[in-house]
There are 2 protein chains.
Amino acid sequence: MRTKGKPSSMRGIRQLAEHLDISIGTVSRALNGKPDVNEETRRRVLAAAEELGYVANQSGRSLRQGETKVIGLMIESSQEAVENADNFFLGVTSGLQHVFARHKLDLLMLPCPSDEDPCEYLKRMVARRVVDAMIISNTQRIDRRIDLLSRARIPFAAVGRSLSAGNFPWIDLDFEGVAERAVERLAARGHRRIAITAPSSEVNLGYVFVESYRRALEKHGIPFNPSLVIRVKSSEQGGYQAAHELLLLEDRPTAVVLIYELMAIGLYRRMMESGIVPGRDLAVIGFRDAPRARFLQPSLSCFRMSLYDLGIALGEMLLANMPAYRELYPDCGRNIIWPLELVQGESDAFEIEAMV
Amino acid sequence: MRTKGKPSSMRGIRQLAEHLDISIGTVSRALNGKPDVNEETRRRVLAAAEELGYVANQSGRSLRQGETKVIGLMIESSQEAVENADNFFLGVTSGLQHVFARHKLDLLMLPCPSDEDPCEYLKRMVARRVVDAMIISNTQRIDRRIDLLSRARIPFAAVGRSLSAGNFPWIDLDFEGVAERAVERLAARGHRRIAITAPSSEVNLGYVFVESYRRALEKHGIPFNPSLVIRVKSSEQGGYQAAHELLLLEDRPTAVVLIYELMAIGLYRRMMESGIVPGRDLAVIGFRDAPRARFLQPSLSCFRMSLYDLGIALGEMLLANMPAYRELYPDCGRNIIWPLELVQGESDAFEIEAMV
DNA sequence: CCTACAGTCGTAAACGTTTACGGGGTGCGT
DNA sequence: ACGCACCCCGTAAACGTTTACGACTGTAGG
């Protein structure tokens with residue numbers, strides 16, 4: 001009843017076909033680039049579709065062909081996630097979209113409500129067939145989502161390793177390299193008492209990170225001192241706590257490596273309270289060059305990565321695991337350790353004089 | 001061919017009906033809570049659906065009833081947006097989801113690729129009928145998306161005012177109140193030379209913000225000095241630039257009000273370079289208490305808001321504009337100016353001695 | 001006994017696509 | 001003239017739902 005005399009009320013392919021006086025089959029073939037249609041006809045169809053603003057209804061299309069041309073990126077909208085959110089997902093998103101655009105795939109972000117079980121949410125989303133494939137993140141040590149996706153045979157890729165379900169496609173940050181190179185850099189500047197923060201050794205990262213740290217120390221002839229491994233939460237509070245524990249040590253370290261950039265703010269604050277100035281009295285190396293890390297004074301030495309490139313790799317890895325695109329990405333690794341590059345700040349810009 | 005002997009390969013409502021030996025119509029009615037179905041039958045259907053893991057195919061459903069039960073939240077994934085992103089969207093998202101969950105609506109975030117025209121992207125998304133309604137943000141002074149959505153009769157709400165298309169539902173931050181209360185607070189501490197930063201007066205905000213500032217000055221008997229209005233970009237660079245300009249003034253201000261928290265980092269840095277310490281030599285009031293703003297030392301006085309509550313209001317405003325839910329939210333304002341609360345930091349924690 | 005009615009349920013037609021199939025044409029070779 | 005291949009196009013059947021409609025019970029009221 002809204003459609004007055006205007007010809008612009010385009011409801012479906014049927015109206016478009018009638019308007020052109022062609023069958024809907026031909027119209028569909030013309031629009032989808034199928035070969036068996038006269039070029040002249042195709043031109044007319046495309047012109048009319050453009051003029052009338054016709055776009056295929058996605059529900060009908062995906063009902064028919066059983067795919068939606070949509071990739072889902074699951075993120076969490078919990079309180080903690082909100083607090084920790086920086087540009088990580090958006091940065092990765094732009095890389096993902098660049099890959100997906102090549103195949104006319106669209107990316108949708110699925111924010112899991114904080115009061116819903118992530119696994120239930122994911123189950124609902126994939127059962128609804130609103131996405132053809134999924135990307136998940138923040139993978140847990142054992143993550144039921146991985147089992148779910150595997151069993152449902154939904155193509156997926158994860159950012160973050162997990163011990164679940166054998167061999168699935170993932171990409172993860174090079175924490176080992178970070179620990180190793182941070183120690184290397186600090187040792188080169190004369191530091192011998194280098195502390196490190198890490199989550200509990202229960203979680204995979206907590207174990208891996210400290211082991212790399214230990215190996216790096218040995219490589220530079222520095223004895224491993226367990227009391228210099230500070231197990232705290234990877235948060236601002238954790239950073240404050242870590243600083244507090246460091247201050248209690250009788251043989252105070254001259255440097256500290258953080259595993260998460262948020263910790264730096266807490267650590268800076270606690271250190272300042274005791275008159276210890278980062279970058280002068282204590283060398284600090286952080287983790288990621290998140291935009292917010294640049295708020296620190298003195299600027300934080302940390303590790304940089306291209307979120308965009310990470311998104312590219314992640315997207316290609318996912319496509320390599322989708323039947324429809326597999327052959328296009330033949331030599332795409334199933335597991336990738338993503339390297340990071342050290343960016344020099346002021347927080348460790350001093351040397352320890354050798355005392356032999 | 002994947003379905004071995006397991007009974008868990010549930011493809012559609014038809015299989016479920018056959019398994020129960022009931023017609024698909026009854027099954028559908030039972031699942032959807034329609035009244036004309038025996039309670040005993042309904043129980044059986046629900047049990048079987050749960051057991052077999054049946055969930056209605058969304059494509060078929062939305063094709064039939066012309067709605068998708070999905071609300072879209074359009075965000076931008078441009079380089080600038082990535083840089084500026086903090087927890088804003090995620091914070092609002094959690095509030096939105098809380099509202100939508102009441103009606104079994106799901107929220108999808110639609111990240112517009114940086115190399116695509118936002119309007120074209122939006123057109124594609126709504127034409128595909130993948131969402132029933134939209135929420136847009138970062139509204140421009142004249143925003144073609146608003147005209148597009150209005151003409152297409154897609155329910156929508158915006159965060160941010162605009163001059164486009166008459167009366168549409170929006171919610172915006174109380175910039176006027178921010179300017180007014182910042183000046184009030186500074187004046188109460190004895191400041192008489194209060195600078196302010198603002199975007200170009202071409203954009204709505206640039207005009208509104210400065211006008212409120214001027215009125216607030218008058219209210220406290222402080223003459224308006226045009227040279228204390230610094231027009232710079234709302235970015236870290238802009239903050240640096242603003243500090244630079246302030247330092248060039250012969251009668252240097254004792255306080256400055258920033259319109260964007262990112263500016264604080266640049267301003268701090270430039271000030272430090274000249275030996276001016278924020279919170280001691282210069283009072284600074286920032287804008288939003290974004291998590292990253294808490295990285296600053298000394299801590300920034302700024303304005304706080306509950307993103308969650310903002311999301312709630314935004315969600316209800318949108319529902320009030322959707323025919324299916326309108327009557328449930330009768331007294332829902334069409335336009336809301338969202339208040340902010342001053343949170344006291346150290347960056348303006350000193351008083352100016354009165355010199356009469 | 002007839003009618004009315006409420007409670008259940010089955011039937012079938014949509015919703016908008018895509019695509020397998022087949023059928024007119026036309027041109028060519030035999 | 002006949003067969004054949006080829007190009008183009010129309011027909012119709014799916015895809016998985018929801019829902020208007022009608023049919024079938026049983027019960028109550030007259």
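These exercises walk through a predicted model, each with a worked solution.

**Exercise 1. The surface near DNA strand C**

Task: Find how many residues surround DNA strand C, which are the closest, and how they divide by class.

Solution: 
- Start with the count. DNA strand C is surrounded by 27 residues.
- Pick out the closest. They are A:I13, A:K34 and A:R64, with B:S23 and B:T26.
- Turn to the strand. Of the atoms of DNA strand C that come within 4 Å of the protein, 57% belong to sugar and phosphate.
- Sort the residues of this surface. There are 12 polar, 8 charged and 7 nonpolar.

**Exercise 2. Atoms that meet the DNA**

Task: State which part of DNA strand C lies 3.1 Å from A:N32, then do likewise for A:G60 at 3.2 Å and B:R29 at 3.0 Å.

Solution: 
- Take A:N32. One of its polar side-chain atoms is 3.1 Å from a phosphate oxygen of DNA strand C.
- Take B:R29. A polar side-chain atom sits 3.0 Å from a base nitrogen of DNA strand C.
- Now place the elements. Those giving two or more residues to this surface are α1 (13-20), α2 (24-31) and α4 (58-65) in chain A, plus α2 (24-31) and α4 (58-65) in chain B.

**Exercise 3. Where chain B touches chain A**

Task: Describe the interface of chain B and chain A by residues, area and salt bridges.

Solution: 
- Count residues. 53 of chain B are in contact with 53 of chain A.
- About 4,700 Å² is buried between the two chains, and carbon and sulfur atoms give 60% of it.
- Name the main contributors in chain B. B:L90, B:R128 and B:F295 lose the most area to chain A, together 17% of what that side buries.
- Count polar contacts. The interface has 7 residue pairs of this kind.
- Find the largest share of chain B's side. β2(B) gives it, with 7 residues.
- Sort that side by class. It has 26 nonpolar, 15 charged and 12 polar residues.

**Exercise 4. One glycine**

Task: Decide whether B:G91 is buried or exposed, and say in which helix it lies.

Solution: 
- Locate B:G91. It belongs to helix α6 (residues 88-101) of chain B.
- Apply the cut-off. B:G91 has 4% relative accessibility, and buried means under 20%. So B:G91 is buried.
- Look along the chain. B:D309 is 218 residues away, yet the two C-alpha atoms are separated by 9.1 Å.

Conventions. Residues numbered from 1 in each chain as written. Chains lettered and ligands numbered in written order. Predicted model: local features only at pLDDT ≥ 70, side-chain atom pairs only at ≥ 80, totals over all residues. Heavy atoms only, no water. Helix = DSSP H or I, 4+ residues; strand = E, 2+ residues; numbered from the N terminus. Buried < 20%, exposed > 50% of the residue type's maximum accessible area, 1.4 Å probe, protein only. Near = heavy atom within 4 Å. Polar contact = N/O pair within 3.5 Å; in protein donor to acceptor, adjacent residues only side chain to side chain. Nonpolar A, V, L, I, M, F, W, Y, C, P; charged D, E, K, R; others polar. Contact = heavy atoms within 4.5 Å. Buried area = accessible area lost by both parts, 1.4 Å probe. Salt bridge = Lys/Arg side-chain N within 4 Å of Asp/Glu carboxyl O.
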